2 protein chains.
Amino acid sequence: MAVVTVERKVLKKNEMVAGENRKIFGDKGIFTLNLLSSPGSGKTSLLEKTLESLSGRLNLAVVEGDVQTDNDAQRISAYDVPVVQIVTNGGCHLEAKLVQDALPNFNLDQLDFLIIENVGNLVCPANYDLGEHKKVVLISTTEGDDKPLKYPAMFRVADLMIINKIDLLQYVDFNLEKVIENARQINPNLEIISLSCRTGENLKEWISWLETQKIK
Amino acid sequence: MAVVTVERKVLKKNEMVAGENRKIFGDKGIFTLNLLSSPGSGKTSLLEKTLESLSGRLNLAVVEGDVQTDNDAQRISAYDVPVVQIVTNGGCHLEAKLVQDALPNFNLDQLDFLIIENVGNLVCPANYDLGEHKKVVLISTTEGDDKPLKYPAMFRVADLMIINKIDLLQYVDFNLEKVIENARQINPNLEIISLSCRTGENLKEWISWLETQKIK
């Protein structure tokens with residue numbers, strides 16, 4: 001019982017700080033995304049492709065969340081965008097306060113987009129609002145089409161589901177229609193884009209989606 | 001600070017119950033495995049192949065842990081083994097008490113093996129001892145060879161790492177030597193088996209490993 005109470009307090013505190021973040025992003029006109037998935041679904045690869053496509057045209061910044069290592073920030077730093085690595089040291093999700101603490105590292109007045117790559121975890125990050133405008137969940141074709149039913153919280157809070165690794169569809173037992181049906185059963189309003197970061201197939205649709213979200 | 005204290009108490013309580021479980025498994029001569037991985041790495045598929053191979057020869061039982069649905073227990077029930085589904089209702093890991101509560105559903109005197117399939121999560125379940133003899137972590141070739149470095153706690157506590165989906169190696173950017181090097185950097189004593197549940201390649205090595213663990 002004590003644990004539940006503390007957990008509620010933690011969540012309540014997080015929501016308060018997320019509200020502060022949301023106000024900052026709103027005031028500065030920065031569209032902010034929370035990128036979520038299991039480990040290895042392709043969040044960093046999607047980011048790389050996005051930066052290849054958009055950098056120079058739009059002012060992007062990235063917050064990398066990882067349990068350990070700054071490998072992802074190193075990958076992102078190859079592109080000409082500001083990136084801050086948050087290492088959670090074993091923590092299973094990002095919290096609004098961690099993101100807030102990262103913000104002074106950016107020149108917020110010059111940003112159009114902030115993309116936050118969360119810790120690879122299809123369970124815990126679903127409960128922690130970071131103050132973002134939209135949550136994007138990635139699922140790859142190698143993970144099985146039953147995942148939205150098995151991890152419903154994440155798909156319930158997501159605004160967009162990206163089905164990645166469609167280049168592998170012919171080699172795996174994954175039914176594209178089934179995963180969409182399962183996801184929409186959990187969240188009827190979910191937007192869905194299928195693509196392959198590896199081959200670049202249909203990346204255009206994701207880039208267009210992102211561009212239409214620009215605030216200022 | 002309060003949160004840390006509660007978390008420590010939760011873990012301490014869990015370790016106590018895990019100790020009770022370990023005593024039960026020892027007294028009954030039941031070799032017990034804790035099967036861990038990200039969502040979609042192939043835990044249930046490995047179980048299916050294992051049951052195909054071993055049922056009739058050895059007395060196995062299965063505990064299925066899932067955030068939601070009893071899909072996995074349904075899949076396992078197609079085989080002639082006792083299976084209990086634990087639905088955590090959003091909880092991100094199994095705890096020793098949940099496993100202990102499942103045990104009265106089995107005829108423990110008749111069991112040689114108990115395999116516990118944990119919730120799909122490469123972070124949180126690493127901290128929760130269930131009283132098992134060994135922890136087996138699955139990683140699939142579609143998840144990236146950097147994962148042991150990025151989620152070190154799980155690979156540090158594991159006894160055996162199974163690299164699944166080696167049938168997809170030619171279609172993905174995954175270096176088998178690199179993942180082994182990364183995993184051994186975290187845990188020099190880690191045993192490693194590469195296989196494909198889909199094609200059956202090298203499953204024999206896993207079955208042999210399992211058979212040699214038999215206690216009674």
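## A pair of residues to start from

Let's begin in chain B, where B:Ile139 stands opposite B:Ile163 of strand 6. The strands involved are strand 5 (residues 134-140) and strand 6 (residues 160-164) of chain B, which pair in the parallel sense over 5 bridges. Here two strands pair if DSSP finds at least two bridges between them, and strands (E, at least two residues) and helices (H or I, at least four) are DSSP runs numbered from the N terminus.

A word on the source: this is a predicted model, in which local features need pLDDT of at least 70 and side-chain atom pairs count only at pLDDT 80 or more, while totals for chains, interfaces and linings use all residues. Residues are numbered from 1 along each chain as its sequence is written, chains are lettered from A and ligands numbered from 1 in the order in which they are written, and side-chain values use heavy atoms, with hydrogens and water left out.

## The sheet of chain B

Stepping back, chain B has an open sheet of 7 strands in the order 3-2-4-1-5-6-7, with parallel pairing. Strand 3 (83-87) and strand 7 (191-194) of chain B are at the edges with a single partner strand each, so one side of each has no neighbour in the sheet. From one strand to the next, the twist averages 20°.

Helices pack on this sheet too. Helix 2 (residues 43-54) of chain B touches strand 1 (31-36), strand 2 (60-66), strand 4 (113-117), strand 5 and strand 6 of chain B, and its direction makes about 170° with that of strand 2. Helix 7 (residues 176-186) of chain B lies across strand 5, strand 6 and strand 7, running at about 160° to strand 6. For these angles, axes are lines fitted to C-alpha atoms, for helices over the stretch in contact, and angles run from 0 to 180 degrees between N-to-C directions.

## The sheet of chain A

In chain A, 7 strands form an open parallel sheet in the order 3-2-4-1-5-6-7. Its edge strands are strand 3 (83-87) and strand 7 (191-194), each pairing on one side only. Strand 2 (residues 60-66) of chain A pairs with strand 3 of chain A in the parallel sense over 5 bridges, and A:Asp66 has A:Val87 of strand 3 as its bridge partner.

## Where the chains meet

The contact (heavy atoms within 4.5 Å) takes 36 residues from chain A and 36 residues from chain B. Together the chains bury about 2,900 Å², 59% of it on carbon and sulfur atoms; buried area is the accessible area (1.4 Å probe) that two parts lose on being put together, summed over both. A:Pro39, A:Lys150 and A:Tyr171 supply 22% of the area that chain A buries against chain B, more than any other three residues.

A:Lys150 also forms a salt bridge with B:Asp66, with the closest N and O atoms 3.3 Å apart. The interface has 6 salt bridges (a side-chain nitrogen of Lys or Arg within 4 Å of a carboxyl oxygen of Asp or Glu).
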